[in-house]
Amino acid sequence: MSALAEGALKILLVDDHAMFREGVARLLEREPPVQIVGQCGSSAEALANLKTSGANMILLDVDLGAERAVDFILEAHRRGFEGRVLVVTAGVSPAEAVQLVRSGVAGIVHKHQSGAALWETIQRVAQGGVWLEEAYLGALFKTVDRSKPQDKPALTEREKNLLRFIFQGLTNKEIGGELGISEGAVKASLRQLFDKLKVRTRAQAVKVALEQYRHEL
């Protein structure tokens with residue numbers, strides 16, 4: 001179930017610039033479903049407060065001084081965090097963008113985007129979608145090793161359509177509209193697809209789609 005469908009969107013802000021954190025907090029607190037459950041300036045502080053905060057989404061900067069976002073994400077997952085992670089950054093290298101996708105982030109958005117664009121991205125991610133700045137798509141495609149035969153499960157045409165919709169960033173409700181089925185049926189179909197692909201998140205499904213099914217989509 002998406003964070004918005006559950007009611008409150010509980011966001012933990014992790015950025016080492018206090019002015020930026022406070023500005024984002026003021027922006028998001030205007031939205032009725034949002035609760036800012038914490039503001040942290042370091043990875044260590046965020047990890048210490050992660051469980052008690054009750055956060056179901058983290059807005060995360062990449063550069064946290066001596067710490068990097070990928071290390072924080074992997075440790076957060078190790079500690080049982082199952083919410084969504086949206087990276088909000090001034091920019092990352094293509095290689096680090098690939099690492100972030102592999103670590104399971106739901107999106108990467110640039111800080112130069114408007115407040116309205118940030119809120120739109122947050123909503124999409126909270127509803128189960130993914131978002132990636134276009135500048136990083138090329139790097140993801142280049143990580144695909146086409147020289148090795150892929151031992152991959154065969155997908156039905158319906159499952160291929162689901163992957164296409166995931167890649168486009170459609171929400172479960174939007175996918176249901178495209179397929180003419182209920183949102184509940186979409187969730188059940190996605191669970192079956194994720195089990196077949198051996199993934200847990202939409203971000204991981206996008207990676208598998210790029211690596212193994214690009215030419216079928």
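In the predicted model, the buried residues of helix H3 (69–78) are Ala69, Val70, Phe72, Ile73, Glu75 and Ala76. The cover over these buried residues includes H2, S3, strand S5 (67–68), S6 and H4. After H3 comes Gly80, which has a positive phi, near 100°.

In soluble globular proteins, nonpolar side chains tend to be buried together. The largest nonpolar core here has 27 residues, and those touching the most other members are Leu12, Ile58, Leu60, Phe72, Leu100 and Ile108. Two or more residues of this core are supplied by each of strand S1 (9–14), helix H2 (43–53), strand S3 (57–60), H3, strand S6 (84–89) and helix H4 (94–103). H3 gives the largest share, five residues.

When neighbours within four places in sequence are left aside, Leu100 is in contact with Val62, Ala69, Val70, Ile73, Val87, Val92, Val105 and Ile108.

Of the 217 residues, 47% are buried. Contacts between residues at least 6 apart in sequence join residues at least 24 apart in 70% of cases. The accessible surface of the chain is about 10,900 Å², with 50% of it belonging to carbon and sulfur atoms.

Methods: Residues are numbered from 1 along each chain as its sequence is written. This is a predicted model: local features need pLDDT of at least 70, side-chain atom pairs count only at pLDDT 80 or more; totals for chains, interfaces and linings use all residues. Side-chain values use heavy atoms; hydrogens and water are left out. A nonpolar core is a set of buried Ala, Val, Leu, Ile, Met, Phe, Trp, Tyr and Cys residues joined through side-chain atoms within 4.5 Å. Buried means under 20% relative accessible area, exposed over 50%, partly exposed in between (1.4 Å probe, protein chains only). Helices (H or I, at least four residues) and strands (E, at least two) are DSSP runs, numbered from the N terminus. Contact means heavy atoms within 4.5 Å. Accessible areas come from the Shrake-Rupley method with a 1.4 Å probe; for residues, only the protein chains shown count as cover.
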